[in-house]
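Me: Walk me through this model, please, and tell me how you know each thing you say.

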Amino acid sequence: MEEVRGEVLDKTIILHLSGHIDSNNAGQAWDEIREILAGQHGHAVEIDASKLDYISSAGLRVLLRVRKDHPELKITGVSSEVYEILDMTGFTQMITVEKAYRVVSIEGCEEIGRGANGTIYRIDQDNVVKVYNNADALAEIQHEREVARTALVLGIPTAISYDVVRVGDSYGSVFELLNARSFSKILANEPDKFDWCVKEYVDLLRKIHGTVVPDGELPKIKSTVVSWGRFMRDYLPEDESKKLMALIQAVPDDNHMIHGDYHTKNVELNGDEVLLIDMDTLAVGHPIFELASMFNAFIGFYETNPERIKEFQGFDYETSNRFWKSVLAAYIGTDDQERLQAVEDKARVIGYTRLIRRSIRRHGLEQEKTKAEIEWWTAKLIDLLHRVDSLLFLPEEIVLDADTNNLQAAIEFIDKHLAEAGCSMKAQMQLDVSAEEIFVNIANYAYAPGKGKVRIKMTVEGEPPVAKLTMIDCGRQYNPLEKEDPDVSLSAEERQIGGLGIYMVKQSVDDRTYEYRDGQNILTMIKSIQ
Amino acid sequence: MIYLDDNARIDLHLHTTVSDGTDTPEEIARLVKKAGIDLFSVTDHDALKGCKVIAGLPDLDAAFITGVEFSCKDEEGKYHILGYGYDPDAKPINDLISKGHGFRMKKTKERLEFIKDRFGFEFAKQEIKELLELDNPGKPHIANLMIKHGYANDKKEAIRKYIDQKRFKSEYVRPDEAIRAILESGGIPVLAHPFYGNGGDLIIGEEMRERLVRLIGFGIKGVEAYYSGFTDKLISQMLAFAEEYELYVTAGSDYHGHNKIIELGDNNLDRVGDGPAGLKRFLNDVRTIKA
């Protein structure tokens, strides 16, 4: 019978079904399948449905029957029409069903992005395809889809692939991306948009790093970095190797999202929206690991060969350098060059570690050209390991949506600075209470009924240490310090409602100033913390 | 009323040689016990004879319910309607069987004439006589004869290429007729394999609901929610319909002997105790012959 053909491949019996399977031939199809499967115990069974045009309920029974004896049954190459039948009848819930893949050609298509494991091409006006380097990429595609969905649910703007296709011998996933341009392209062709790019790029980075990911949904980057550190044992002197491991191990676990490959080809302007793409490296962890991969993307990969960047990013090394420095300054929230250099050095420790490992694994140590590069990076790394005593850093600024739901994030940010400076319990509580009062005021009134942002800057400096906390919003002009103090000598019933919070702020900090400048309410509180 | 414990197994949809099964009624009566079935029914297409035979057997190992499966049709589609627990001697159901049998005999004769005129396929007189003496001769029986004579290689070819070349303006039993005859004979009408229509269709979602609502209007009382060819998703959808419209629930394999791929008792209900209230009500209300 032409509808059923069996084939044994490794440990799998493949049943090729073709044409129509309906009440006229289902019985016969079953007889033949039974004959093919007879005595083949211990084999996996797969049905290849790529030539199956139609299956009626009688045919569905055959599938059910096969599944009964082979619960691990898998059906592949299913056409959209057959898939719909299998889906409606609940077969896709009981059996692994893989759809047939559309074939897409990328010949003559523009390359619009490139990541660690694939290249993105525009296939028509509305769609792009990411072609994976790995020929057997279905698991990767599935992973990327899942993490992209996780990110989207958590509020990160990204594109989710809606179809998997065949591209030559590889697989690709298709996304809808209308008229999107990568930030690399914008930086290369529109120098006047440089500042705008920095701002949007940092805003998105902060959004990613401000996103808490539920346990277990994304891998932990630290485990990966630990494995890099272990790898380096064979390529660094013992003391430096131990120092590197200690630095990595001292980075605390962190449940905030990081992208893992955050360079300007992976950030797209799609209409008015800034989108993150290439999500397969998504993870959770301390932002220093993100800064390390960003350092590599803008500087590290090209330090020894600055010409190479133009090929990949489209802009030159000078632009890349300037962009990295501007992004770092905006992200950390300071122009203090010394402080910025300190953070960059921390990023370089991990950055060079990764470059050395990557090069050794790809090229070994014998190739003349890469060997020189590896030696150069190793010298830099050893020098850094003598100077850097911690990979931790604190941004001096965060920007949050002015929403009471973000109060906790604001307090956490402040507390991290205070903890690092060894703040007394009492001073911390007083500052937290003050910050809460001002934050909640902004959240409730500054933009009402609209929405807006609140920027929080925090530094601890001097000896004895003094904390400086600034809260900035662009809402209606309002000086909370002008509010009349309540008469605290009155009993609770007699007092006016409100005003007590601001009174407490005034009592809790050593100094406070209010300023309205460039459309911003700027409230600064200063307090000695010992 | 029948008492079954929670671990009991049932199969209320079986075919014998009276229609298109390969086991005789006597053989089925013996096989059910071997298969661990505690309650069974025989539901031949448009025929009661198998049930009459089994009801007359001196001893039965399992409880038995009379059954039948009417092939019905109206302007909206085709249906298989099961009837359970009817009185096998009641006039309404026997009249309907005779009527259906008359249609079928007429159609079979016309088909034989057609393939003789058009394709020159001829059979021995004895063969035709035996064919027409069957309780329920149909397309598969003609196809078997054709294969025997080498007119066709297999059933599919015989039916598609030759027999189906002639379409009849056929006379048929309507669902409301079948439901009424079952009810008037003391039986319970139940819609067979609801999602699969006449066995080969696929009726899903709202279309299924509309179909069910029409049949409820005609007096259908139950649905065969547990069925060999249903997935868990289909079963749970049908159970939801049953609950919503307060219908009886039954379980059947549609076993045809070695003709088809279904095993006796295979209906996705492993034990009566796993069934819903609608099944228990059915077992409570249906008339059984003996246990």
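**Strands side by side**

Reply: In chain A, strand S18 (residues 453–461) and strand S19 (residues 466–473) run antiparallel and are joined by 8 bridges. Bear in mind that this is a predicted model, where local features need pLDDT of at least 70 and side-chain atom pairs count only at pLDDT 80 or more, while totals for chains, interfaces and linings use all residues. Residues are numbered from 1 along each chain as its sequence is written, and chains are lettered from A and ligands numbered from 1 in the order in which they are written.

Me: What makes S18(A) and S19(A) a pair?

Reply: Two strands pair if DSSP finds at least two bridges between them. S18(A) and S19(A) have 8 bridges, so they pair. Strands (E, at least two residues) and helices (H or I, at least four) are DSSP runs, numbered from the N terminus.

Me: What packs on this sheet, touching S17, S18 and S19 of chain A?

Reply: That's helix H15 (residues 407–420) of chain A, and its direction makes about 10° with that of S18(A). Touching here means contact: C-beta atoms, placed from the backbone, within 7 Å.

Me: Why are S17 and S20 of chain A called edge strands?

Reply: Strand S17 (397–401) and strand S20 (511–517) each pair on one side only. They belong to an open sheet of 5 strands in chain A, ordered S17-S18-S19-S21-S20 with antiparallel pairing. Its neighbouring strands are turned by 15° against each other on average, direction ignored.

Me: What about the sheet S1-S2-S3-S4-S5 of chain A: how is the pairing described?

Reply: That one is an open sheet of 5 strands too, but its pairing is mixed. S1 and strand S5 (96–99) of chain A each have a single partner strand, so one side of each has no neighbour in the sheet. On average, neighbouring strands here are turned by 20° against each other, direction ignored. Inside the sheet, S2(A) and strand S3 (residues 44–55) of chain A run parallel, joined by 9 bridges. Gly19(A), for instance, has Leu52(A) in S3(A) as its bridge partner. Helix H3 (residues 80–88) of chain A lies across S3, strand S4 (74–78) and S5, at about 115° to S3(A).

**Helices that meet**

Me: Why do H10(A) and H12(A) count as roughly antiparallel?

Reply: Their axes cross at roughly 150° and come within 9 Å, with H10 covering residues 287–300 and H12 residues 317–332 of chain A. Axes are lines fitted to C-alpha atoms, for helices over the stretch in contact, and angles run from 0 to 180 degrees between N-to-C directions. Under 35 degrees is roughly parallel, over 145 roughly antiparallel, 65 to 115 roughly perpendicular, and the rest oblique. The value for H10(A) and H12(A) is therefore in the roughly antiparallel class. Phe295(A), Phe298(A) and Ile299(A) of H10(A) meet Ser320(A), Asn321(A), Phe323(A) and Trp324(A) of H12(A). By class, that's 5 nonpolar, 2 polar and no charged residues. (Ala, Val, Leu, Ile, Met, Phe, Trp, Tyr, Cys and Pro count as nonpolar, Asp, Glu, Lys and Arg as charged, and the others, Gly among them, as polar.)

Me: At what angle do H12(A) and H13(A) cross?

Reply: Roughly 105°, with the axes of H12(A) and helix H13 (residues 337–363) of chain A coming within 10 Å. That makes the two helices roughly perpendicular. Leu328(A), Ala329(A) and Ile332(A) in H12(A) meet Arg339(A), Leu340(A), Val343(A) and Glu344(A) in H13(A). This contact has 5 nonpolar, no polar and 2 charged residues.

Me: What makes Asp10(A) stand out?

Reply: Its phi is near 50°, a positive value in a residue other than glycine. Most residues other than glycine have a negative phi, and most peptide bonds are trans. Asp10(A) sits in the loop between strand S1 (4–9) and strand S2 (12–21) of chain A.

Me: Which kind of peptide bond runs from Glu463(A) to Pro464(A)?

Reply: A cis one, with omega near 0°. Pro464(A) is in the loop between S18 and S19 of chain A. The bond from Ala448(A) to Pro449(A) is also cis, omega near 0°, and Pro449(A) is in the loop between helix H16 (425–446) and S18 of chain A.

**Chain B**

Me: How many residues of chain B are in contact with chain A?

Reply: 20 residues of chain B, which contact 22 residues of chain A. H6(B) gives the most to that side of chain B, with 4 residues.

Technical notes
Two residues are in contact if their C-beta atoms, placed from the backbone, lie within 7 Å.
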